[in-house]
Amino acid sequence: MGPQEIKPGIYWVGVVDWNLRNFHGYSQTYQGTTYNAYLVLDEKITLFDTVAWKYREEFMCQIAQVVEPEKIDQIVVHHVEPDHAGSLPYVVERTRPQAIYASRMGDKFIRGRFTSQDWPLEVVENGQQISLGKRSAQFAETRMLHWPDSMVSFIPEEKLLISQDAFGQNIASSERFDDWISWPELKKEMAHYFANIILPYSARVPKALKAIQSLGWDIQMIAPDHGLILQNHVADAVAAYQEFAAQKPEKKAVVFYDTMWQSTEKIAEALASGLTAQGISVKLYHLKNWHHSDVMAQVWNAAAVVAGSPTHNNNVMPLVADMLTYMQGLRPKNKLGLAFGSYGWSGESPGIISRWLEQIGAEQPLNPFGVQHVPGHDTYRELVRTAEALARHIEDKVRQAGTG
Ligand code: FEO
């Protein structure tokens, strides 16, 4: 994809990574991604972000189609993660800019990650403005969204927010804007991204949005560092971020499990069926068939997490431990939990899962459900009663949260 003018004199000069499936080593992307960077032609030619190292030469070609790279005067580094700053040493070497702007933490990270002694680094503070010539760029720190160095830029003359990872989505496409995709599909990708990258810092999202509001920015276009540029769905995206961050529980349960000889699977299916019969929306995941990031993409607004494993060597199955470890790090809020599992003789797994759910902060109004050998008719009846009880707790939780 060649460069694209997104505003008069402002160009997308990123690259499209069509075939990426493993995003950042822990999240799955089914539609690849893009590494977006933006070039503003003004009295000071300014580059906002770079791309992953492996695309450095393609990136330079992108820039060269707009302006000779050596003419770049200044670079803004919003975030030092390698997918955006990986090419920075290459770009600095080629362009020798007069200034490289970053947040205070960004400055530290640049100095820590790169051999940058002779780079013209300049720290910018929250609310600070720099001149590009006819235009200006104002900065807001978005600390921990999702790294300590994160910041965003606003170009008021164009009402353009360059939002770094915020509002990003993993969508590789020949289109640059959000006018070819339905809002539900775009929101789904945005939610997947949020749930796997930004969720632990949810509490900071409304504060960051409020801080941006207090700077009086009139945002009409959001250009993130991944995926599509938002011009039709700016207000929708801001509302969606408020919604994702609030993690209000809905009448929804996420059931995940692994299984050896299908007893735990039968329990999972019986619980899912019992919850469905009570009007609860259920997402069921056999972890051998699903990536942990896909499960998390459904957890953020679920009222209940129902997790199961057979007892294997006095422990849980590895994929269940993986899922619970991953979930624990992402710190979802407002969850009910229920642990279950089958066993042959020792039966530790439901208790182990229950302790994990406790560490995640999930309330567990019902006892862990262990089944020895194979579930029979009596067990199925008990599972139906358990599902009915859990459904009542879900209803209560949703009512209390005001989402029912
Ligand atoms: Fe897209 Fe946090 O890097």
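Modeller: Two strands are said to pair if DSSP finds at least two bridges between them, and the strands themselves are DSSP runs of E with at least two residues, just as helices are runs of H or I with at least four, numbered from the N terminus. This is a predicted model, in which local features need pLDDT of at least 70 and side-chain atom pairs count only at pLDDT 80 or more, while totals for chains, interfaces and linings use all residues. Residues are numbered from 1 along each chain as its sequence is written.

Biologist: How do you know that β13 and β14 pair, and in which sense?

Modeller: Strand β13 (residues 136-141) and strand β14 (residues 151-155) share four bridges in the antiparallel sense, and the definition asks for at least two, so they count as paired. Gln138, for instance, has Phe154 in β14 as its bridge partner. Both strands belong to an open sheet of five, in the order β12-β13-β14-β15-β16 and with mixed pairing.

Biologist: What makes β12 and β16 edge strands?

Modeller: β12 (129-131) and β16 (221-224) each pair on one side only. From one strand to the next, the twist averages 25°, an angle between axes fitted to C-alpha atoms, taken between N-to-C directions on a scale from 0 to 180 degrees.

Biologist: What is the peptide bond between Leu145 and His146, cis or trans?

Modeller: The bond is cis, with omega about 5°, and His146 is found in the loop between β13 and β14. Most residues other than glycine have a negative phi, and most peptide bonds are trans.

Biologist: Why is Gln247 called buried, and why does Gln262 count as partly exposed?

Modeller: A residue is buried if 20 or more other C-beta atoms, placed from the backbone, lie within 10 Å of its own, exposed if 12 or fewer do, and partly exposed in between. Gln247 has 21 such atoms within 10 Å and is therefore buried, whereas Gln262, with 14 C-beta neighbours, counts as partly exposed. Gln247 sits in the loop between α7 (234-246) and β17 and has a positive phi near 50°. Gln262 lies in the loop between β17 and α8 (263-277), and its phi, near 75°, is also positive.

Biologist: What makes helix α9 mostly covered?

Modeller: Seven of the eight residues of α9 (292-299) are buried, among them His292, Val295 and Met296. The elements that cover these buried residues include α5 (183-198), β17 (250-257) and α10 (318-330).

Biologist: What is Val255 in contact with, beyond its neighbours within four places in sequence?

Modeller: Two residues are in contact if their C-beta atoms, placed from the backbone, lie within 7 Å. The contacts of Val255 include Ala268, Leu271, Val282 and Val306.

Biologist: How many residues make the contact between domain 1 and domain 2?

Modeller: Domain 1 gives 11 residues and domain 2 gives 12, while 38 Å separate the domain centres, taken over C-alpha atoms. On the side of domain 1 that touches domain 2, α5 gives the most, with four residues.

Terms used:
Domain bounds come from an automatic or database domain assignment.
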